[in-house]
Amino acid sequence: MKLLFRPRDPEFIGKGSLPFGTFDDTEQWEPIYKCLEKGAVEFPKKKLFSVADRDGNINESYTWGESNAWANRIAHGLIAECGVKKGNTVGIYMLNSSEFVVSILAIHKVGGVQVPVNKDEMGERLAYILNYSDQEVLISDGESFKLLEDIKDDLENLKYIFVAKSEGNLPEKLGNIEVRSFDYFDKFDSSDPNVPVAAADAERCMFTSGTTGMPKGVSRNHGGVVLTVRGYIQMHGIRNHDVLMSVLSLSHANAQVMCLFASIGSGAECVFYPRFSASNFWKWCTESGATTTNMLGSVSEYVWAAPESEYDQKHNIRTILAGPAPKNKPEFEKRFKTRVLDGYGSTEMGMVFWQYPEDFRPASSGFVCEGYVVEIRDPEDTDKLVTAAWNRDLDEVPPEETKGLLFIKPLIPNTTLNEYFKDEKRTAEAFDSEGFFNSDDLFIRGIDDRYYFQGRYSRIRVSGENVDPNAVANYSAQYPQIQDAVAVGIRLPNISDDEIKLNITLKDGGEFDHIEFCKWMAEKVPVYMIPRFIEMYEEFPLTSTEKFNVGLMKELNDNTWDRNESGIKFKTRK
């Protein structure tokens, strides 16, 4: 298939060129790391990536030549020492670091399937991901290794753990698992391993919220990376003199695909910070020389709420991808002298909608990207299309009959969900008979063919993470004093992310301590799954058809406990 690379207004195009082209011919696509290998030959001394420490000081930088050679040494080590073959899963469980970057590339080079594990996973959920994904090799760091020690007796398949940035001596073994320093890879050959890998081969297995409590593995192919990289380069006008910056975890597709891989695909440079800081965000943008960056969830709200500083307009950020865009987008763009682009994507489907930088109509997620066909369907009868469209010139508020579930059909093979890992039933059910995928998100189509996000249908999104309310309820129901639990997502005014409200009934004679419960949850689930609001009922409210009255359960009232007002706080790992 031949695609059209849309021209951009010069205002939104970076300096330089695209040394590897615009990826218009899908028949010629190959894994993005091939661009790394070409760049290592054509401009080996050009900087590829940098990594900052927790204080925001950039203390590590690597050229294209150095990055490729380092990734090659790791690749040869994985093959020779660990027996990793094409199609094998290899895990990465660590904080943002240079070792994380080159490990991703090394796994690609051996034809392996990377399994990036969310840094906030721990305990039972962490053991489940490591076991279920069948990985025999895990790459970690000193801080994360401590959390692995807690579950060493539960790990079933791991044979090797390589640990970067460890303080002190590492044990030779963790249970029956061999433990080695990441430096062990330094002795291997730095030439390209030349394992044949195609765009149709599996690239990742990324675990996201599951309906049964445990995460589900979403398998994607290299072709999906190329499609998203192409879209990012096109919409943001990326060129090889650009610097892409991320404060998001490399365990997420955003930091990987729309920073690291987009830089490699365009011949540009990227920089990674291990954490987000609202007060330092624009300072880091300025010091790194970044020209493009991304925001997820409520990041834009935190940046807006930070005190004004000399760096608010001192930076060179040309465009920002924000999902979703800040509510006060015009004011945000004026204060920070930048352009914010909205869009919509998912772990399974990639980027489906993208807003053009020249399109200043507010509140839309943009237009359908090349490679997709979409439909809006009735949530109560998904065989029925929603044909009504919103005319913003006539109706300030979209009519209810325009709202529906977004269904997505990929047009280019090997660009979206390959499978739910080891789950044939769920994989078969993912697409309907016409090849459409149910996004579980509510949208409206405008008469101008822009699409407008209206919220989640059954899932919720907290701190940029997909959360299944059933999973929260299932974990909560394990608490000794809780009889039944129903979790719902609520959207507070002027906040882009959801908050979790947990509705519970107690066992006879049970006493409930909200703070102790939250501490208990923090030992079992990532921070983003801990409810902010909790309300206790003697009996759950029901509708006339004897179903839970979710509408009433979403309301906040005098009986609703708010964790933010209790003083208890939980932090993610940074």
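Helix axes are taken here as lines fitted to C-alpha atoms over the stretch in contact, with angles running from 0 to 180 degrees between N-to-C directions, and helices (H or I, at least four residues) and strands (E, at least two) are DSSP runs numbered from the N terminus. The structure is a predicted model, in which local features need pLDDT of at least 70 and side-chain atom pairs count only at pLDDT 80 or more, whereas totals for chains, interfaces and linings use all residues. Residues are numbered from 1 along each chain as its sequence is written, and side-chain values use heavy atoms, with hydrogens and water left out.

On this basis, helix α6 (residues 222–236) packs against helix α7 (residues 253–266) at an angle of about 80 degrees, their axes lying 9 Å apart. The two helices α6 and α7 are therefore roughly perpendicular, a class that covers angles of 65 to 115 degrees. In contact terms (heavy atoms within 4.5 Å), Val 225, Thr 228, Val 229, Tyr 232 and Ile 233 of α6 meet Val 257, Met 258, Phe 261, Ala 262, Gly 265 and Ser 266 of α7.

Aromatic pairs, for which the ring centres of Phe, Tyr and Trp (its six-membered ring) must lie within 6.5 Å, are classed as stacked when the planes are under 30 degrees apart, edge-to-face when over 60, and tilted otherwise. A search of the whole structure finds 37 such pairs. One of them joins Trp 70 and Phe 182 edge-to-face, at 6.3 Å centre to centre and with 80 degrees between the planes; this pair links distant parts of the chain, since Trp 70 belongs to helix α2 (residues 64–80) and Phe 182 to the loop between β8 (177–181) and β9 (202–208), 112 residues apart. Both Trp 70 and Phe 182 are buried, that is, under 20% relative accessible area with a 1.4 Å probe and protein chains only, where exposed means over 50% and partly exposed lies in between. Tyr 132 and Phe 207 likewise pair edge-to-face, at 6.3 Å and 85 degrees, connecting helix α4 (residues 123–132) with strand β9 across 75 residues.

A single aromatic cluster includes Phe 49, Tyr 62, Trp 70, Phe 182 and Tyr 184. Arg 180 lies over the face of Tyr 184, at 4.6 Å from the ring centre, the criterion being NZ of Lys or CZ of Arg within 6 Å of the centre and within 35 degrees of the ring normal.

Key. Parallel < 35°, antiparallel > 145°, perpendicular 65-115°, else oblique.
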